[in-house]
Amino acid sequence: MDISSNFIDIGGQFISDHTLITRKLKDIKAFIFDWDGVFNNGQKSLDGGSNFSEVDSMGTNLLRFSHFLKNGHLPLTAVISGEKNDTAFYFCKRECFDYSFFKTPHKTDALNFICQQQNIKPEEVAYFFDDVLDLSVAAVCGLRLMVNRRANPLFVDYCVRNQLVDYLTGAEGGFCAVREATELLIGLNGNFDTVILDRTQYTDNYKKYITERRLVKTQFFTVKDNVVEGVDM
């Protein structure tokens with residue numbers, strides 16, 4: 001089923017054809033997210049915090065369940081942020097993400113560490129991002145989903161011209177762009193209806209998934225002078 005029109009109708013842009021994105025998705029083993037500007041609009045409180053939406057949170061959960069149904073195992077999940085943010089730590093713990101990186105000035109340090117630890121390749125990573133500090137990761141990942149922002153048309157054009165993005169969201173950060181991007185990938189997995197029905201009815205498949213998800217203990221890291229350091233939280 002061609003679902004691309006549903007997303008074009010809400011302003012999404014397929015920089016890569018949806019059939020190519022579908023092919024790329026088949027090789028994906030990890031979903032990695034930037035935080036500021038992706039789960040929110042990038043505004044910061046005095047303590048450096050920035051929020052997230054439960055709508056986006058549900059999107060990440062449904063995407064992981066979709067991957068679980070299609071592949072028989074959990075995908076790797078991580079947040080890589082350039083800043084320290086207690087809300088991001090809370091989110092990663094609550095949602096049982098594998099990794100939470102913070103104060104990471106060069107994000108490929110975190111990506112390379114994750115790939116080495118998990119024996120995966122960058123091309124097996126889907127990356128959700130929005131800004132300049134993310135481009136080193138976007139340049140090497142297999143699938144790139146960029147959160148749009150009307151305020152930086154030259155930057156968006158740069159990413160498109162340099163083949164750093166496969167899909168550009170219609171929604172901006174803070175307006176459920178993560179939900180849009182995750183729902184797209186679920187649709188391209190071909191099991192959207194099953195995901196929704198199984199979650200709604202709390203089927204045995206969903207129970208198995210959520211039991212395995214709860215076993216994931218988030219690991220926290222920062223990067224100093226290009227060296228990855230573990231942190232107790």
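Reader: Is Phe221 buried or exposed?
Author: This is a predicted model, where local features need pLDDT of at least 70, side-chain atom pairs count only at pLDDT 80 or more, and totals for chains, interfaces and linings use all residues. Residues are numbered from 1 along each chain as its sequence is written, and side-chain values use heavy atoms, with hydrogens and water left out. Buried means under 20% relative accessible area, exposed over 50%, and partly exposed in between (1.4 Å probe, protein chains only). Phe221 has a relative accessible area of 10%, so Phe221 is buried.

Reader: How many aromatic pairs does a search of the whole structure find?
Author: Rings of Phe, Tyr and Trp (its six-membered ring) pair if their centres lie within 6.5 Å. A search of the whole structure on that basis gives 25 aromatic pairs.

Reader: Is the pair of Phe101 and Phe221 stacked or edge-to-face?
Author: Planes under 30 degrees apart count as stacked, over 60 as edge-to-face and the rest as tilted. Phe101 and Phe221 lie 5.3 Å centre to centre, with 20 degrees between the planes. The pair is stacked.

Reader: Which strands does that pair of Phe101 and Phe221 tie together?
Author: Strands (E, at least two residues) and helices (H or I, at least four) are DSSP runs, numbered from the N terminus. The two parts are 120 residues apart in sequence. Phe101 lies in residues 99-102 and Phe221 in residues 219-224, so the pair ties together β4 and β8.

Reader: At what angle do α3 and α9 pack?
Author: Axes are lines fitted to C-alpha atoms, for helices over the stretch in contact, and angles run from 0 to 180 degrees between N-to-C directions. The axes of α3 (residues 54-71) and α9 (residues 192-201) are 10 Å apart. Their angle is about 110 degrees.

Reader: Are α3 and α9 roughly parallel or roughly perpendicular?
Author: Under 35 degrees counts as roughly parallel, over 145 as roughly antiparallel, 65 to 115 as roughly perpendicular and the rest as oblique. The angle here is about 110 degrees. The two helices are therefore roughly perpendicular.

Reader: Which residues is Ile186 in contact with, leaving aside neighbours within four places in sequence?
Author: Ile186 lies in helix α8 (residues 177-189). At 2% relative accessibility, Ile186 counts as buried. Contact means heavy atoms within 4.5 Å. The partners are Leu62, Leu63, Ser66, Asn191, Phe192 and Val195.
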